[in-house]
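Colleague: I'm new to this one. Can you walk me through it?

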Amino acid sequence: MSFLESLDKKENFLIQFRGKVQLTSADLIKCWKYYDTDSNGYIEGSELHKLVVDLVEKEQEDMEKVSKYEESIKEHFSDSKGRVTLATMAHLLPVEENFMKPFDDIKKDVFDGIFQHYDQSETGELNRDEVEAFIRDLLNKDGDNDLDMETLKTYTNKILSVVDIDKNGMLSKKELRMLLSNH
């Protein structure tokens with residue numbers, strides 16, 4: 001049983017991912033935004049503590065173990081200030097291989113599959129979180145996982161400002177196609 005399978009549904013944000021072998025990039029962004037409560041682009045202090053408590057199995061949740069794990073994460077996975085970045089969070093959680101990697105030359109016949117993969121809300125448009133997940137995968141398709149949340153937000157804002165024609169803060173299929181078009 002994995003740590004995600006052992007979590008208490010009522011008290012643990014990560015429980016919604018129970019049963020998933022790997023998280024999608026959209027799941028990763030959702031987790032990131034949940035734990036980065038001050039939206040400063042880092043998980044630190046009480047945010048990191050909450051993440052570690054949620055990662056530790058409920059029956060093993062003693063403060064000594066939580067402190068030990070926090071220190072281990074700070075030592076091995078954080079920046080010089082003890083903060084967890086989006087890239088390191090991707091190493092802490094089981095995130096799928098970048099979905100965009102096989103699509104270096106995107107053909108029209110696979111475009112709908114790409115759009116559907118990121119349209120987790122099934123609205124026919126990519127909301128901001130879904131756009132961020134798409135951009136994260138697009139920029140990391142070569143395996144460079146050093147993208148931080150601040151940079152991701154900057155790219156998302158710039159892309160939306162150019163491609164979001166109707167200015168609704170989301171990308172339609174037509175708008176995404178325009179972004180990916182080679183023409």
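Modeller: Helices (H or I, at least four residues) and strands (E, at least two) are DSSP runs, numbered from the N terminus. This is a predicted model, where local features need pLDDT of at least 70, side-chain atom pairs count only at pLDDT 80 or more, and totals for chains, interfaces and linings use all residues. Residues are numbered from 1 along each chain as its sequence is written, and side-chain values use heavy atoms, with hydrogens and water left out.

Colleague: How many helices and strands are there in the protein chain?

Modeller: Eight helices and two strands. From the N terminus on, the order is α-α-α-α-α-β-α-α-β-α.

Colleague: What share of the residues count as buried?

Modeller: 45% of the 183 residues in the protein chain. Buried means under 20% relative accessible area, exposed means over 50%, and partly exposed is in between (1.4 Å probe, protein chains only).

Colleague: And what share of the contacts comes from residues 24 or more positions apart?

Modeller: They make up 53% of the protein chain's contacts with a separation of 6 or more. Contact means heavy atoms within 4.5 Å.

Colleague: On to the core. How many residues does the largest nonpolar core have?

Modeller: It has 41 residues. A nonpolar core is a set of buried Ala, Val, Leu, Ile, Met, Phe, Trp, Tyr and Cys residues joined through side-chain atoms within 4.5 Å. Met 89, Leu 93 and Leu 176 have the most contacts inside this core.

Colleague: Which elements give two or more residues to this core?

Modeller: Helices H1 (25–35), H2 (46–55), H3 (63–77), H4 (86–92), H5 (108–118), H6 (128–139), H7 (149–163) and H8 (173–180). H1 gives the most, with six residues. In soluble globular proteins, nonpolar side chains tend to be buried together.

Colleague: Back to Met 89. What is Met 89 in contact with?

Modeller: Leave aside neighbours within four places in sequence, and Met 89 is in contact with Leu 28, Cys 31, Trp 32, Tyr 35, Ile 43, Leu 51 and Val 84.

Colleague: At what angle do the axes of H2 and H3 cross?

Modeller: Roughly 115°, and the axes come within 9 Å. Axes are lines fitted to C-alpha atoms, for helices over the stretch in contact, and angles run from 0 to 180 degrees between N-to-C directions.

Colleague: Which residues make the contact?

Modeller: From H2, Leu 48, His 49, Val 52 and Val 53. From H3, Met 63, Val 66, Tyr 69, Glu 70, Ile 73 and Lys 74.

Colleague: New topic: aromatic pairs. How many are there?

Modeller: Three. Rings of Phe, Tyr and Trp (its six-membered ring) pair if their centres lie within 6.5 Å; planes under 30 degrees apart count as stacked, over 60 as edge-to-face and the rest as tilted. One of the pairs is Tyr 34 with Tyr 35, which is edge-to-face at 4.8 Å centre to centre, with 85° between the planes.

Colleague: Is Tyr 34 buried, exposed or partly exposed, and what about Tyr 35?

Modeller: Tyr 34 is partly exposed, at 34% relative accessibility. Tyr 35 is buried, with a relative accessible area of 1%. Phe 111 and Phe 115 form another pair, tilted at 6.4 Å centre to centre, with 35° between the planes.

Colleague: How far along helix H5 are Phe 111 and Phe 115 separated?

Modeller: They are four residues apart, so about one helical turn separates them. Both Phe 111 and Phe 115 are buried.
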